[in-house]
Amino acid sequence: MWPRGAFGIIAISAEGANLRKFDLIIVGASFAGLACARTAALRGLSVCVVDRKRDVGEGVRTTGILVKEAAEETDFPAALTRLIRGVRLYAPNGKYADHLVPGYYFLATDTPNLLRWLAAEAVRAGAELALGTPFKSAVTHDDCIELPNLGLSAKLLIGADGATSGVARYFGLDRNQRFLIGVEVELGSEPGLDGRFLHCFLDSVLAPGYIGWAVPGVGITQVGLAARHGTKPDLMAFLHMYRTRLGLRERPILARRRGLIPAGATLRNTHCGRVMLIGDAAGHVSPLTGGGIAQTLRLGRRTAQLAADWFHAGAEHPGLALAREAPKFTGKLWLRRALDLAPPNWVWNLAFGTPPFRAFTQRIYFHKRGAGGDTRSGKGDDARQSQPDHIQT
Ligand SMILES: Cc1cc2nc3c(=O)[nH]c(=O)nc-3n(C[C@H](O)[C@H](O)[C@H](O)COP(=O)(O)OP(=O)(O)OC[C@H]3O[C@@H](n4cnc5c(N)ncnc54)[C@H](O)[C@@H]3O)c2cc1C
């Protein structure tokens, strides 16, 4: 639908040639970098986004689910998303409960094309993209920062290069130390999977510290799990459990996704001189749920506004201002530590369905809005396609 890396790619000059000057160079053409680039360009800044990938939609590492807040902030093309009404949470013993909150929803996404669309939007706003261009080194001066091997210079360099940021490493900024590790496969559409729900599986043996999931996505089904760092999530064992539990037949694997999810909350030291970090590189990810897209889109955009204010109105350094505005995730970090202990499955089974557990689940998936939600329970095979009258809107 959107061209693969065909738009707005600038020619990178060889070392020693005249440097092309920009207000911003952003390393990383994903959610954080592209949101930042688009707003910066709209605010009149000259922007170049560099990414080592040749196509922003290749090698996607995320499930790509958007929460309602993110969906409402950006007008994503409807063809690239699929509405999901609520969450069906399964206990290890097969019992399940449906969690719905009136008016709340999630969007599954065609993530590769969503990223291509975000890139096209940034280019349309005036940003330039340099794909197939890895960041390796930089030279800092008082008034600018140079990337000589790319033939570029800028007033501000933004590292939006993900969980294991090379920009953070190069400039000695804080780096994520705690992670969840996530693995996922793409299967064809599963007619037997209830498409109204994000299916989440509690299992401390298969997914210690996190959960497994099945997402009825855009033309595909995404099945995966994550676990605390240091453990190896057994995707095949999880797939087997998922199919057996829901009575689904085996399907060929179309593609795989995997990646590290920062789980140590927002980092402290995320800027110095003319360099700053955003997105996963800065730890802008909920350490509890691992959800980062909403924050990275929001704070990416906000960074562009703060940078424009810094350049044009003499406001404070955008790194300082962002550090104040970014969430600290203190409570979620404590809950992450508790979940990392991976309560045995019998504890999940015992707690499941109790009012405090239901309230806790609603709160995690729907935040404050969870209080007005609706929960319904079931067991085993009922978890396959059930009647639409379960939906509460
Ligand atoms: C398995 C998994 C599932 C997830 N599911 C969800 C979910 O459903 N919903 C949700 O909200 N969050 C989810 N997350 C988290 C979410 O994906 C991230 O928070 C989000 O992608 C962060 O965006 P970002 O732009 O900061 O970094 P990234 O998306 O990691 O992008 C970094 C970019 O930088 C580029 N790059 C890296 N190094 C260099 C270099 N040296 N030079 C040039 N370019 C470079 C990369 O190619 C990449 O394009 C998931 C994460 C994982 C791993």
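## Getting started

Because the model is predicted, local features need pLDDT of at least 70 and side-chain atom pairs count only at pLDDT 80 or more, while totals for chains, interfaces and linings use all residues. Residues are numbered from 1 along each chain as its sequence is written.

## The protein as a whole

The protein has ten helices and 19 strands. Both come from DSSP runs numbered from the N terminus, with helices being H or I over at least four residues and strands being E over at least two.

Of its 393 residues, 49% count as buried. A residue is buried if 20 or more other C-beta atoms lie within 10 Å of its own, exposed if 12 or fewer do, and partly exposed in between, with C-beta atoms placed from the backbone. Among contacts with a separation of 6 or more, 75% join residues 24 or more positions apart. Two residues are in contact if their C-beta atoms, placed from the backbone, lie within 7 Å.

## Helix α1 and its two partners

Helix α1 (residues 31-42) packs with helix α3 (residues 111-125) at an angle of about 20°, and their axes are 8 Å apart. That makes α1 roughly parallel to α3. Here axes are lines fitted to C-alpha atoms, for helices over the stretch in contact, and angles run from 0 to 180 degrees between N-to-C directions. Angles under 35 degrees count as roughly parallel, over 145 as roughly antiparallel, 65 to 115 as roughly perpendicular, and the rest as oblique. The crossing of α1 and α3 is left-handed; this term applies if the near helix is turned anticlockwise from the far one by less than a right angle, and right-handed applies if it is clockwise. On the α1 side, Leu34, Ala37, Arg38, Ala41 and Leu42 take part, and they meet Leu118, Ala119, Glu121, Ala122 and Ala125 of α3. By class, this contact of α1 with α3 holds eight nonpolar, no polar and two charged residues. Nonpolar covers Ala, Val, Leu, Ile, Met, Phe, Trp, Tyr, Cys and Pro, charged covers Asp, Glu, Lys and Arg, and the others, Gly among them, are polar.

Helix α1 also packs with α6, at an angle of about 35° and with the axes 7 Å apart. The crossing of α1 and α6 is right-handed. Residues of α1 in this contact include Phe31, Ala35 and Cys36, and those of α6 include Ile293, Leu297 and Arg301. The contact of α1 with α6 divides into ten nonpolar, six polar and one charged.

## From α6 to α7

Next, α6 and α7 pack at an angle of about 140°, with their axes 9 Å apart. That makes α6 oblique to α7, and their crossing is right-handed. Leu299, Arg302, Thr303, Leu306, Ala307 and Trp310 of α6 make the contact with Pro318, Ala321, Leu322 and Glu325 of α7. Seven nonpolar, one polar and two charged residues make up the contact of α6 with α7.

## Around the ligand

There are 37 residues around the ligand, and Gly28, Ser30, Gly182, Gly279 and Gly292 come nearest. Elements giving two or more residues to this shell are α1, β2 (47-51), β12 (179-188), β16 (253-262) and α6 (293-313). The shell has 14 nonpolar, 15 polar and eight charged residues.

## Residues worth a visit

Most residues other than glycine have a negative phi. Ala265 has a positive phi, near 75°, and is in the loop between β16 and β17 (271-272). Ala265 is buried, with 22 other C-beta atoms within 10 Å. Phe329 also has a positive phi, of about 60°, and is in the loop between α7 (318-325) and α8 (330-340). Phe329 is buried too, with 21 other C-beta atoms within 10 Å.

Leu45 is in the loop between α1 and β2 and is buried, with 23 other C-beta atoms within 10 Å. Leaving out residues up to four places away in sequence, Leu45 touches Asp23, Leu24, Ala40, Ala307, Ala308 and Phe311. Finally, Arg88 is in strand β5 (residues 86-90) and counts as buried, with 24 C-beta neighbours inside 10 Å.

Terms used:
Near = placed C-beta within 6 Å.
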